[in-house]
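Trainee: Could you take a close look at one part with me? I'd like to go through the charged pairs.

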Amino acid sequence: MTKPILSAILSCSGYTLTDEEKYLFSKYNPLGISLFSRNLKTKEQTKKLIETIKNVINREDVLIAIDQEGGRVNRLESINS
């Protein structure tokens with residue numbers, strides 16, 4: 001039997017997942033994860049974080065969102081390296 005998906009979008013605290021976040025994400029199987037500027041450093045770091053999130057949750061279809069408000073707020077501008 002597959003684990004039910006928690007209909008919630010969670011977030012993480014930094015550039016990598018903590019052990020507590022790994023436990024929480026794997027246990028509750030959230031619908032998705034929202035990333036904020038505190039999670040985005042470089043392109044490679046962001047790719048690795050997303051890969052880790054998908055591996056921990058064990059689903060390829062987990063939603064990955066970026067808190068992008070538009071206008072002058074651009075979360076992706078800082079990771080152009």
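Trainee: Is E44 buried or exposed, by its relative accessibility?

Mentor: Keep in mind that this is a predicted model. E44 counts as exposed, because its relative accessibility is 56% and the cut-off for exposed is over 50%. Its salt-bridge partner is K47, with the closest N and O atoms 3.6 Å apart. K47 is exposed too, at a relative accessible area of 53%. Both residues sit in helix α2, which runs over residues 43–57, and they are 3 residues apart, so about one helical turn separates them. As a rule, side chains of opposite charge can pair when their charged atoms come close.

K54 and E60 meet through their side chains, at 3.9 Å from N to O. Here K54 is partly exposed, with 23% relative accessibility, while E60 is exposed at 61%. Then there's D61 with R59, where the closest N and O atoms are 2.7 Å apart. R59 is buried, because its relative accessible area is 13% and buried means under 20%.

While you're looking at the surface, check out the nonpolar patch as well: I5, I9, L31 and L63 make it up, and together they have about 330 Å² of accessible area. One of them, I9, lies in strand β1, residues 6–11, and is partly exposed at a relative accessible area of 48%.

Technical notes
Residues are numbered from 1 along each chain as its sequence is written. This is a predicted model: local features need pLDDT of at least 70, side-chain atom pairs count only at pLDDT 80 or more; totals for chains, interfaces and linings use all residues. Side-chain values use heavy atoms; hydrogens and water are left out. Patches are made of residues with over 30% relative accessible area and no salt bridge: like charges are joined within 9 Å, nonpolar side chains (Val, Leu, Ile, Met, Phe, Trp, Tyr) within 5 Å. Accessible areas come from the Shrake-Rupley method with a 1.4 Å probe; for residues, only the protein chains shown count as cover. A salt bridge is a side-chain nitrogen of Lys or Arg within 4 Å of a carboxyl oxygen of Asp or Glu. Helices (H or I, at least four residues) and strands (E, at least two) are DSSP runs, numbered from the N terminus. Buried means under 20% relative accessible area, exposed over 50%, partly exposed in between (1.4 Å probe, protein chains only).
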